[in-house]
Amino acid sequence: MSISSKEMAKIAYKTLSDKKAEDIQVIDISGISVLADYFVIANGSNQHQIEAMRDAVDEELYKAGAKVKQVEGNRSSSWLLMDYGEIIVHVFSKEDRLFYDLERIWGDGKFIDAAELGC
């Protein structure tokens, strides 16, 4: 089964939203980078929520036919990166998200809202 990168981003967005992630952002970086088509960025309020978001995103994308290629960070990390090839999901603590400020770094990308994703 083949799933588009936009559909993968939509699934990640909806799953993060269901897990009460804070400030979910989707950035289309396909025109400015070969790393991926989309970054999906969110933060959680505590370590247990961050872990739950990671597990839920991985489960839902797996069900849709997408397999994670690499995960950076572990159960005690305050920044988790899940690389699915076409999309990269970043889940942060609020403090680390503010510190690393990926939205500023990747500000040349196109910010996609939930309606554009079909959520």
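In this predicted model, a polar atom of the arginine 97 side chain lies 3.4 Å from the backbone oxygen of glutamate 22. Arginine 97 belongs to helix H3, which spans residues 94-100, and the residue is buried, with a relative accessible area of 6%. The points below take up the surroundings of this residue and then the sheet.

**Surroundings of arginine 97**

- The side chain of arginine 97 also makes a polar contact of 2.8 Å with the side chain of asparagine 43, a residue that falls within strand S2 (residues 38-44).
- When residues up to four places away in sequence are left aside, arginine 97 touches Glu22, Asp23, Gln25, Ile41, Ala42, Asn43, Phe92 and Glu103.
- Arginine 97 counts as buried because its relative accessible area of 6% falls under the 20% limit used for that class.

**The sheet**

- Six strands make up an open sheet with mixed pairing, and their order across the sheet is S3-S4-S5-S2-S1-S6.
- At the edges of this sheet are strand S3 (70-72) and strand S6 (110-112), each of which pairs on one side only, while the twist from one strand to the next averages 20 degrees.

**Strands S2 and S5, and helix H2**

- Strand S2 (residues 38-44) and strand S5 (residues 87-93) run parallel and are joined by seven bridges; tyrosine 38 has isoleucine 87 in S5 as its bridge partner.
- Helix H2, formed by residues 47-63, lies across S2, strand S4 (79-83) and S5, and runs at about 165 degrees to S5.

Definitions and conventions:
Residues numbered from 1 in each chain as written. Predicted model: local features only at pLDDT ≥ 70, side-chain atom pairs only at ≥ 80, totals over all residues. Heavy atoms only, no water. Pairing = 2+ DSSP bridges. Helix = DSSP H or I, 4+ residues; strand = E, 2+ residues; numbered from the N terminus. Axes fitted to C-alpha atoms, helices over the stretch in contact; angles between N-to-C directions. Contact = heavy atoms within 4.5 Å. Buried < 20%, exposed > 50% of the residue type's maximum accessible area, 1.4 Å probe, protein only. Polar contact = N/O pair within 3.5 Å; in protein donor to acceptor, adjacent residues only side chain to side chain.
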